[in-house]
Protein chains: 2
Amino acid sequence: MTDPTPRVRDLDESELLALIFPLLPTSEGVDVGPGDDAAVVRAGDGRVVVSTDVLVEGRHFRRDWSTGYDVGHRAAMQNLADIAAMGARTTSMVVSLVMPEDLPVDWVTGFARGLADAATPAGAVVVGGDLSGGDAVVVAVTVHGDLQGRAPVLRSGARPGDVVAHAGVLGASAAGLALLTAHAATAADGAPGAPGPLAPFVAAYLRPGSPLAAGPAAADGGATAMLDVSDGLVRDAGRIARASGVSIDLSSGSLSRDVAALVPAAVELAIATDDAAGAHAAHDWVLSGGEDHGLLATFPAQVADRDLPPGFREIGRVVAADDGPQVLLDGDRPEVSPGWDHFRS
Amino acid sequence: MTDPTPRVRDLDESELLALIFPLLPTSEGVDVGPGDDAAVVRAGDGRVVVSTDVLVEGRHFRRDWSTGYDVGHRAAMQNLADIAAMGARTTSMVVSLVMPEDLPVDWVTGFARGLADAATPAGAVVVGGDLSGGDAVVVAVTVHGDLQGRAPVLRSGARPGDVVAHAGVLGASAAGLALLTAHAATAADGAPGAPGPLAPFVAAYLRPGSPLAAGPAAADGGATAMLDVSDGLVRDAGRIARASGVSIDLSSGSLSRDVAALVPAAVELAIATDDAAGAHAAHDWVLSGGEDHGLLATFPAQVADRDLPPGFREIGRVVAADDGPQVLLDGDRPEVSPGWDHFRS
């Protein structure tokens, strides 16, 4: 029986590129686009913001859970969030894709569509890339951003008295991953079913969103520190705390609506795992779930007294680091999962 | 027995980064370096040149042939060459590294040293990166360059009558790879010995050089088209031919010194493979050997009549594409190997 599915081994590099390029966003804002030794992009204010991230099959995603579209969307979004977290707007990106030779061509075109659907609304274009064979899918994206004259918002500028604010969702991605894992463990074929009303949680894991416009808005609104929440609220808040030499005291009351939003997923997890402890997962997802790609920022108190920039809401306060920089919850050390180290399996 | 070799699994990401960063070049020319969500680098003339390349273990290198130092050096150099081929100078790079958990820590620090030794003389600094676990080593480098006010030299500007010129070596990397392959096939353990007088060819494969300064010099000298010779002289000349709508007629006489330089490797190959045909390999290496990362450029004839920029020598002429764009050798279609498609195994 012949395999009816076109695979990447059936095409050479130029044929694959000819399928991919028409799907990707390009723009007039680029002096030289893909196809030469290098691209030339404009850097309006004489600086360029740069970030890079790599996604590895089996570490950051599973191909039986994530489609090519999902992986493309996620690869773009987590990079776009890094640029937003500096207070900048993403202008362009380059993408390297390593592919097993039996990868369906549809996976690759889906990847390009997912990348485009995340990048286009942000105004980001794809100016180059590289393709290679390999035993597992690896995606490396480098993004470039424009500060449009703003000072970059670093992690190191938080001061005691500042308001701690967050834009975006907390814990939804971790809830989705937990549901996928639980369902896969009980499914005969290891592939998760689509848990109807819980689909939004799964989608939050597979295709996270990020409040990208809130990044430049925070910079314009006087943010003193900011980062992308990729490894969990407490862990990432700890990065601001250490870089700034302060402590961050989160308010559980301000997070209660985030916890409440995850209760349906927590209940479903408790049923799926036949373990009542699952119902308590919502609290942990909010504090330590990664990959939601919201923005955590600090603002001078007088900014918060007027109005935080659109998308942000207060979730705590910056306090003096009397016992060394740390993250507190209502004044005490919170009990949270140790967090996620991509580097370890 | 315990394993005395420190492996990357013995460290967490921050511990590994603490080992790597001190080895990498950094500079005052960077507004925000590694450690925040993104770096901020200066783009002096309001534009930035961008290129990216990925190297995959088992496709682009073998860990029993290439040390970490070799892979770092090569990953940097092939990217630096892409920037030079636009007529620009590399200013900064970001690096993603995927590592099996049993990779020796020494491999990683060697990688950082090789990257630094290639980048530092070029004035390029490392401003960020990402680490991940994975089943094979994958290196993705993105480089940024400064045109310093120059127009970028594209592949599409060659005109009939232009002189075709090359800077760098031709075929040495392919010769080195052939020798490594032949020796590995005859060695009991599959690992190649160090073939004494042939070591320069092997080094040219493991740690290619590139005449980086010749890129901006070519742009200043009026080059009409330019690219980095990464896939072989004939194949890459074909890219200029097609992009420019011209044909390129190479002169075998001008390449004879390149062929002569490879004869010792060709003779050694003939002996190692017990095949007299090996002695004819030198010609093929010059025309179709990849990964030497020389620069192929075209210049108006009046430039060549004065003086080509330092490092370049004439190897042919641009002619009208009467029968469609093609690459000729002394006026005829050359017989060459089909060239190297990284994408296919």
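Student: Which handedness does the crossing of H1(B) and H3(B) have?

Tutor: In this predicted model, the crossing of H1(B) and H3(B) is right-handed.

Student: Why are H8(A) and H9(A) called oblique to each other?

Tutor: Their axes cross at roughly 125 degrees and come within 7 Å. Roughly perpendicular ends at 115 degrees and roughly antiparallel requires over 145, so H8(A) and H9(A) are oblique to each other. H8(A) passes H9(A) in a right-handed crossing. Among the residues in contact are A:Leu255 and A:Asp258 of H8(A), and A:His283 and A:Trp285 of H9(A). By class, this contact has twelve nonpolar, one polar and one charged residues.

Student: How many aromatic pairs does the structure hold over all chains?

Tutor: There are four aromatic pairs over all chains. One of them joins A:Trp107 and A:Phe111, with 5.9 Å centre to centre and 10 degrees between the planes.

Student: What makes the pair of A:Trp107 and A:Phe111 stacked?

Tutor: Stacking requires planes under 30 degrees apart; with 10 degrees between the planes, A:Trp107 and A:Phe111 are stacked. Both residues lie in helix H3 (residues 105-119) of chain A, four residues apart, about one turn of the helix.

Student: Why is the pair of A:Phe299 and A:Phe312 called edge-to-face?

Tutor: The planes of A:Phe299 and A:Phe312 are 75 degrees apart, at 5.3 Å centre to centre. The term applies over 60 degrees, so this pair is edge-to-face. A:Phe299 lies in strand E10 and A:Phe312 in strand E11 of chain A, so the pair ties together parts that are 13 residues apart in sequence.

Student: How do you know whether A:Phe299 and A:Phe312 are buried or exposed?

Tutor: Buried means under 20% relative accessible area. A:Phe299 has 0% and is therefore buried; A:Phe312 has 8%, so A:Phe312 is buried as well.

Definitions and conventions
Residues are numbered from 1 along each chain as its sequence is written. Chains are lettered from A and ligands numbered from 1 in the order in which they are written. This is a predicted model: local features need pLDDT of at least 70, side-chain atom pairs count only at pLDDT 80 or more; totals for chains, interfaces and linings use all residues. Side-chain values use heavy atoms; hydrogens and water are left out. Rings of Phe, Tyr and Trp (its six-membered ring) pair if their centres lie within 6.5 Å; planes under 30 degrees apart count as stacked, over 60 as edge-to-face and the rest as tilted. Helices (H or I, at least four residues) and strands (E, at least two) are DSSP runs, numbered from the N terminus. Buried means under 20% relative accessible area, exposed over 50%, partly exposed in between (1.4 Å probe, protein chains only). Axes are lines fitted to C-alpha atoms, for helices over the stretch in contact, and angles run from 0 to 180 degrees between N-to-C directions. Angles under 35 degrees count as roughly parallel, over 145 as roughly antiparallel, 65 to 115 as roughly perpendicular and the rest as oblique. A crossing is left-handed if the near helix is turned anticlockwise from the far one by less than a right angle, and right-handed if clockwise. Contact means heavy atoms within 4.5 Å. Ala, Val, Leu, Ile, Met, Phe, Trp, Tyr, Cys and Pro count as nonpolar, Asp, Glu, Lys and Arg as charged, and the others, Gly among them, as polar.
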